Amino acid sequence: MKKLVVFFPGAGYGMDCPLLYYADFLYETNGYERKVMDYQSIVMNPTLSVDEKKKQVREFVANQAKNILFETYGEVVFISKSVGTIEAGWLAEQLSVKVIQIFLTPVSETVPYFTLDNKIVIGTKDKAYEIVKTTCDEKHIAAVYIEDANHSLEIEGKPYESIDVLKRVLEFIEA
């Protein structure tokens with residue numbers, strides 16, 4: 001069975017950052033084909049307004065998705081970080097195949113895309129923590145809440161504890 005994982009990075013949090021780098025390594029090791037929605041040049045463009053960035057990223061994701069034959073895969077996983085969770089949620093709704101969603105530090109705008117089969121990870125010091133936790137508790141969604149972790153799922157001033165967090169996240173999202 002062919003398996004696919006699609007990554008949706010955050011603004012300034014790309015595939016070279018720990019959560020996505022090691023998630024990619026994990027899924028590659030488990031035999032997944034991998035694709036990245038690389039819209040960093042749009043979200044990091046200081047000349048675009050927030051609304052223009054959102055519009056261009058959505059167009060980019062839609063155009064990239066047209067080139068992927070999702071229906072040929074037995075399993076499709078979306079792993080997204082921060083603002084990438086919005087696009088991953090939106091795209092999954094557009095497709096006619098089942099997508100396993102892994103939302104890493106979702107933003108509040110992602111909450112309407114939460115479903116029972118999602119996996120969600122967020123730190124207790126993330127500004128979206130309260131709404132994410134409340135929604136996950138109400139909908140009985142599998143979630144990991146990392147005590148004292150920020151939006152990057154790091155514990156400030158504690159590198160070794162942050163590495164332990166990374167391992168915990170990888171074990172939770174393992175293919």
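Leu 153 counts as buried, because its relative accessibility is 3% and buried means under 20% relative accessible area, exposed over 50% and partly exposed in between, with a 1.4 Å probe and protein chains only. The model is predicted, so that local features need pLDDT of at least 70 and side-chain atom pairs count only at pLDDT 80 or more, while totals for chains, interfaces and linings use all residues. Residues are numbered from 1 along each chain as its sequence is written, and side-chain values use heavy atoms, leaving out hydrogens and water.

Leu 153 lies in the loop between E6 and helix H6 (159-173), where helices (H or I, at least four residues) and strands (E, at least two) are DSSP runs numbered from the N terminus. Although Leu 153 is not a glycine, its phi is positive, at about 60°. Most residues other than glycine have a negative phi. His 140, in the loop between helix H5 (129-139) and strand E6 (142-146), also has a positive phi, near 55°, but His 140 is exposed, with a relative accessible area of 66%.

Turning to the helices, Phe 25 is found in helix H1 (residues 18-29) and is partly exposed, at 46% relative accessible area.

Helix H3 (50-66) and helix H4 (84-94) each supply at least two residues to the lining of the largest pocket, a pocket being an open set of points on a 1 Å grid over the protein atoms alone, where a 1.4 Å probe fits, with protein on both sides within 12 Å along at least five of seven lines, and lining residues having an atom within 4 Å of a point. Of the 13 lining residues, Val 43, Val 50, Lys 54, Val 83 and Ile 86 lie nearest the centre of this pocket.
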